[in-house]
Amino acid sequence: MRILTKLGLATATITVVALGMTLPADAITVSQVKAAQTRLNRLGCTAGPVDGKAGAMTQAATVRFQAANVLSQTGSLSSTTYSRLMASTAKRCDVRAVPRRSGTGRRIVISQTQNWVWLIDARGKIVRQGGIIDNPTYLKAGNYTSGAKCGRAARIRKNTDGASLYLNNFVRFAPCGVGFHQIPTYKSNGKQIHADWLLGTNYKASHGCIRVSASMSAAIWSFAAGATHVVVMR
């Protein structure tokens, strides 16, 4: 299979063979992007509309696919990424195995490499999993326990950044102010500062906390009602 190194918006006078088909030279870019978007959506990567435009949402979906399939997280549909994406062995974005060496028992596992979090019960069953946004330069790999730190409450239903934002369902697990919470929302209108489809990517960085979706923040709030082991892995 030969494909373009990167899928841009420029036309190309090359005949490319993909998925066993020869595509018209003047439709290579659009056809490949549409095929990639369709495949990404089927794999739970959330690429958005199948419009043939490799915009921000498609790039974020590509990063999630690359993270789940142990590829360099560039967001670019390179030949390697495209081939892996179209292969029958491609791994889904929304259902992932718990990283090895994350321990045993009831715990929350964070993979900073995959931009992902798992809630695991005492039997080793995954209760919930999903994308995150964190800041690996601030939050270090290691073992933590959810609860009060530095004299601060373990959980705050409507935490604040001290200015214009709410950090809803805040669950503290690392000294002194690091915890899980919903993507910050504006106090003025309740809207999130960025969309859910950026979760699971390296396109944003938090101030140290673990940002998750509203539903995931509610799940973590319940799961970590008491002291809970939290494992942070690179």
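Reader: Let me begin with a single residue. Is C209 buried or exposed?

Author: A residue counts as buried when its relative accessible area is under 20%. C209 has a relative accessible area of 10%, so C209 is buried. Please keep in mind throughout that this is a predicted model.

Reader: What is the mean pLDDT of the protein?

Author: The mean pLDDT is 88, and 88% of the residues reach 70 or more. Over residues 1-28, however, the pLDDT is below 50. That stretch has 56 contacts in the model beyond near neighbours in sequence.

Reader: Next, the sheet. In what order do the strands of the open sheet stand?

Author: Strands of a sheet pair through backbone hydrogen bonds, either parallel or antiparallel. Here the open sheet has 5 strands in the order β5-β4-β3-β12-β6, and the pairing is mixed. Strands β5 (126-131) and β6 (142-145) stand at the edges; each has a single partner strand, so one side of each is left without a neighbour in the sheet. On average, neighbouring strands of this sheet are turned by 15° against each other, direction ignored.

Reader: In which sense do β3 and β12 pair?

Author: They pair in the parallel sense, over 4 bridges. Within this pairing, I108 stands opposite V230 in β12. On the other hand, β6 and β12 pair in the antiparallel sense, also over 4 bridges, and there N143 stands opposite V231 in β12. The pairing of β4 (residues 116-120) with β5 is antiparallel as well, over 5 bridges; W118 has Q129 of β5 as its bridge partner.

Reader: Why is β12 described as largely enclosed by the rest of the structure?

Author: The answer lies in its residues: 4 of the 5 residues of β12 are buried, so this strand is largely enclosed by the rest of the structure.

Reader: What does F180 touch, when residues up to four places away in sequence are not counted?

Author: F180 touches I108, I110, V117 and V230, among others; N169, F170, V171, F173, I210 and I220 are also among them.

Reader: Finally, the disulfides. How many disulfides does the count come to?

Author: The count comes to 2 disulfides. With bonded cysteines counted along the chain, they follow the pattern 1-2, 3-4.
C45 lies in the loop between α1 (28-42) and α2 (56-68), and C93 in the loop between α3 (79-86) and β3 (107-111), so the pair ties together parts that are 48 residues apart in sequence. Both C45 and C93 are buried.
Another disulfide joins C150 to C176, with an S to S distance of 1.9 Å. This pair links distant parts of the chain, 26 residues apart: C150 is in the loop between β6 and β7 (155-160), and C176 is in the loop between β8 (165-174) and β9 (178-182). C176 has 29% relative accessibility, so C176 counts as partly exposed.

Reader: Why is the disulfide of C45 and C93 called right-handed?

Author: The torsion about its S-S bond is about 75°, so the disulfide of C45 and C93 is right-handed. For C150 and C176 the torsion is about -70°, so that disulfide is left-handed.

Note on methods
Residues numbered from 1 in each chain as written. Predicted model: local features only at pLDDT ≥ 70, side-chain atom pairs only at ≥ 80, totals over all residues. Heavy atoms only, no water. Pairing = 2+ DSSP bridges. Helix = DSSP H or I, 4+ residues; strand = E, 2+ residues; numbered from the N terminus. Axes fitted to C-alpha atoms, helices over the stretch in contact; angles between N-to-C directions. pLDDT = per-residue confidence, 0-100. Contact = heavy atoms within 4.5 Å. Disulfide = S-S within 2.5 Å. Buried < 20%, exposed > 50% of the residue type's maximum accessible area, 1.4 Å probe, protein only.
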